[in-house]
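User: I want to learn how to read a model like this one. Can you take me through it feature by feature?

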Protein chains: 2
Amino acid sequence: MSINRLPTIKEIARKLNISTSTVSRALHDHPSIGWVTTMRVKQLAEELNYEPNFSAISFKQRKTFTIGVLLPNLSEAFFSTAISGIEEFASTKKYNVLIGQSLDDPEREVRILESMKNHRVDGMIVSVSKNTTSFEHFEQLQHYNIPIVFFDCIPERTDVHYSACNLQTGMLKAIETLVAKGITNIALINGPAHLNASKQRQQIYFKGLKMHNIPYDPQMMQTTDLSKEGNLAAMDKLFSLEHPPKAIITFNDYLALDAIVAAKARNMVINKDIYFISFANLPIWSYMNERPLASIEQFPHLQAEKATEILFSLMEAEPGIEVKKPCYQQVIFDSELILHSL
Amino acid sequence: MSINRLPTIKEIARKLNISTSTVSRALHDHPSIGWVTTMRVKQLAEELNYEPNFSAISFKQRKTFTIGVLLPNLSEAFFSTAISGIEEFASTKKYNVLIGQSLDDPEREVRILESMKNHRVDGMIVSVSKNTTSFEHFEQLQHYNIPIVFFDCIPERTDVHYSACNLQTGMLKAIETLVAKGITNIALINGPAHLNASKQRQQIYFKGLKMHNIPYDPQMMQTTDLSKEGNLAAMDKLFSLEHPPKAIITFNDYLALDAIVAAKARNMVINKDIYFISFANLPIWSYMNERPLASIEQFPHLQAEKATEILFSLMEAEPGIEVKKPCYQQVIFDSELILHSL
DNA sequence: TTGTATGCGTTATCAG
DNA sequence: CTGATAACGCATACAA
């Protein structure tokens with residue numbers, strides 16, 4: 001047997017011969033309602049197993065108590081860690097989390113954003129797809145007063161809220177560590193040139209070299225589309241050089257995995273003949289035998305939590321009070337170099 | 001500058017001096033509306049950037065076009081793979097995905113389920129928390145005609161829809177493979193005894209031994225609470241035996257990681273002195289030097305996709321038509337033994 | 001072919 | 001302290 005309709009305040013009101021407004025107020029502990037009435041209402045509500053209809057409330061209040069989370073890929077460890085943190089935070093605030101994954105396809109990104117907008121999410125946390133170049137679809141949401149906080153993959157603009165990670169601290173530390181070991185021929189295998197993430201790494205790479213008076217050799221910087229083939233090709237190029245690198249900084253851990261395989265195929269001993277330093281995506285290097293010397297940790301959990309915190313501060317701000325000078329909350333965590341004990 | 005109110009059909013109606021019903025019908029390509037009117041409406045809608053208000057529609061239609069997904073932990077690779085698949089499937093059907101993680105805490109599970117119910121999700125996909133023993137909170141949803149499809153961690157009942165994985169095929173194959181290599185002292189490190197997942201593994205383990213006429217030695221079956229300490233303790237016990245095992249089947253990959261570390265600490269060579277076979281959670285064994293001989297693959301992506309498919313078939317079924325004999329859709333995939341080339 | 005009226009469940013405003 | 005009423009945005013049965 002199954003009930004089709006959940007009980008409503010109307011029903012409670014009818015059974016108690018009082019008005020719906022009284023019921024509504026009683027359930028909200030409104031001070032103007034007498035204690036007796038309040039109790040009677042609450043008791044019947046309990047008996048009937050009454051639960052407020054969220055759809056109705058969302059509709060009426062123009063507020064859904066739902067935040068949207070749009071990430072490139074839910075199955076990547078980095079992002080699933082993040083989403084786990086977001087869900088935990090949101091659930092303490094009694095908010096729901098609606099998810100979407102762009103799969104790094106800008107079209108999907110636009111569609112999902114549209115869908116989230118129509119769903120009237122109260123706010124969004126977004127990590128921008130790798131291949132996104134425009135910003136209009138985000139602007140549209142701002143237009144409708146749906147706050148967005150960007151997270152990790154942030155757009156190159158100053159007029160946005162974000163929580164991100166400063167690659168510089170960890171990456172310079174990485175170069176410093178290598179130099180301290182007497183290694184100066186340090187290569188960078190970077191991601192696609194158009195990515196913001198790649199540009200950052202490149203700049204810091206240059207800066208790091210300069211700080212240690214290491215001349216920049218263009219051949220020591222390769223790029224890959226991050227496919228396995230691309231990754232191996234980049235390694236091929238580096239090792240066909242007259243002076244191949246003694247250390248390689250890789251765009252991310254997945255690339256590092258391929259790079260390590262490639263190095264081993266050349267009979268090189270990891271952390272002896274060749275050193276790797278990578279940007280952390282994977283939680284399990286410690287279990288692996290052949291791993292980078294160190295990882296540049298970006299703290300997805302921290303970033304995500306902070307982004308959620310910012311989002312809630314924005315959503316909780318009185319919508320009526322127009323802020324004269326919009327001030328953007330921008331939090332940057334320092335990345336850290338985590339040495340893997342070997 | 002920001003607009004507070006999104007355009008509504010009312011607004012369109014007013015600007016066009018027609019009624020809201022006409023607008024509504026025009027936007028739905030209702031055949032009774034004249035071509036000209038329809039076009040005029042659609043054009044203005046386009047101009048105004050009109051988007052139907054989801055909250056209002058959900059409210060009116062008593063349908064949210066949202067499915068809820070409740071899993072133990074979003075950051076585990078197994079589940080994030082699953083959720084990625086669910087999201088992909090749902091998005092093709094224009095459904096949204098609301099997520100919740102129980103963190104294996106039954107109380108959280110109840111709360112989240114309650115929240116999903118109040119949110120009037122159209123259906124749910126659930127992987128039951130490890131520590132859940134009761135079933136009432138699920139029954140309640142059924143009661144309100146919210147279909148549930150269980151996935152992977154399913155309750156021990158026959159009156160539910162589910163998509164799960166048959167561990168037997170892969171696990172028997174595993175034992176067979178070991179026996180074919182001449183190995184008969186095969187241990188099992190199992191999870192907590194109260195888990196359904198553990199019971200299954202144990203039974204199949206017994207069955208497998210019997211099939212090959214291997215006597216069961218109780219000392220060869222250890223359990224762990226899956227903490228690092230518990231895992232190492234289990235290994236300690238096995239290796240303090242007079243005849244320690246030559247092969248170990250581990251409850252899951254995380255346990256295998258610890259077990260491999262423990263074996264190495266004893267100067268054993270993996271896949272020579274000792275063999276491991278594990279239940280697959282991790283996608284990256286292929287990159288690891290010391291890995292199990294094989295993994296018992298449970299196809300989270302397939303399972304999740306099937307669960308979603310079942311859920312949609314249930315949601316799309318005419319709610320008016322009462323099925324006389326409720327028939328439960330129960331799909332079981334065979335697990336497969338994936339040998340890791342070494 | 002189009003318009004009018006109604007209701008979904010809740011809250012807020014006003015009036016008593 | 002409590003009740004009547006309107007409103008939120010949309011879809012639909014009914015009327016014209």
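Analyst: Gladly. Keep in mind that this is a predicted model. We begin with the DNA.

User: Which helices each supply at least two residues of the surface near DNA strand D?

Analyst: Both chains contribute. From chain A come helix H2 (20-27) and helix H4 (54-61). From chain B come helix H1 (9-16), helix H2 (20-27) and helix H4 (54-61).

User: What joins E2(A) to strand E2 of chain B?

Analyst: First the general idea. Strands of a sheet pair through backbone hydrogen bonds, parallel or antiparallel. Now this case. Three bridges join E2(A) to E2 of chain B (residues 96-101), and the two run antiparallel. A:Val97 stands opposite B:Ile99 in E2(B).

User: How are the two chains related?

Analyst: Superpose one on the other and read the turn and the shift. Chain A can be laid on chain B with an RMSD of 0.3 Å, by a turn of 180° and a shift of 0.1 Å along the axis. The two copies are therefore related as by a two-fold rotation axis. The same surface serves both: 100% of the contact residues of chain A recur in chain B.

User: Which residue of chain A comes closest to the rotation axis?

Analyst: A:Leu98, with its C-alpha at 2.2 Å.

User: Next, a sheet. What is the strand order in the open sheet of chain B?

Analyst: Six strands run in the order E7-E6-E8-E9-E10-E12, with mixed pairing. Strand E7 (221-223) and strand E12 (336-339) are the edges, since each pairs on one side only. The twist averages 20° from one strand to the next. Strand E10 (residues 294-297) of chain B pairs with E12(B) in the antiparallel sense, over four bridges. There B:Glu297 stands opposite B:Glu336.

User: Which strands does helix H10 of chain B touch?

Analyst: Helix H10 (residues 228-239) packs on the sheet and touches strand E6 (186-190), E7 and strand E8 (247-250) of chain B. Its direction makes about 160° with that of E7(B).

How values were computed. Residues numbered from 1 in each chain as written. Chains lettered and ligands numbered in written order. Predicted model: local features only at pLDDT ≥ 70, side-chain atom pairs only at ≥ 80, totals over all residues. Pairing = 2+ DSSP bridges. Least-squares fit on C-alpha atoms with pLDDT ≥ 70 in both. Contact = placed C-beta atoms within 7 Å. Axes fitted to C-alpha atoms, helices over the stretch in contact; angles between N-to-C directions.
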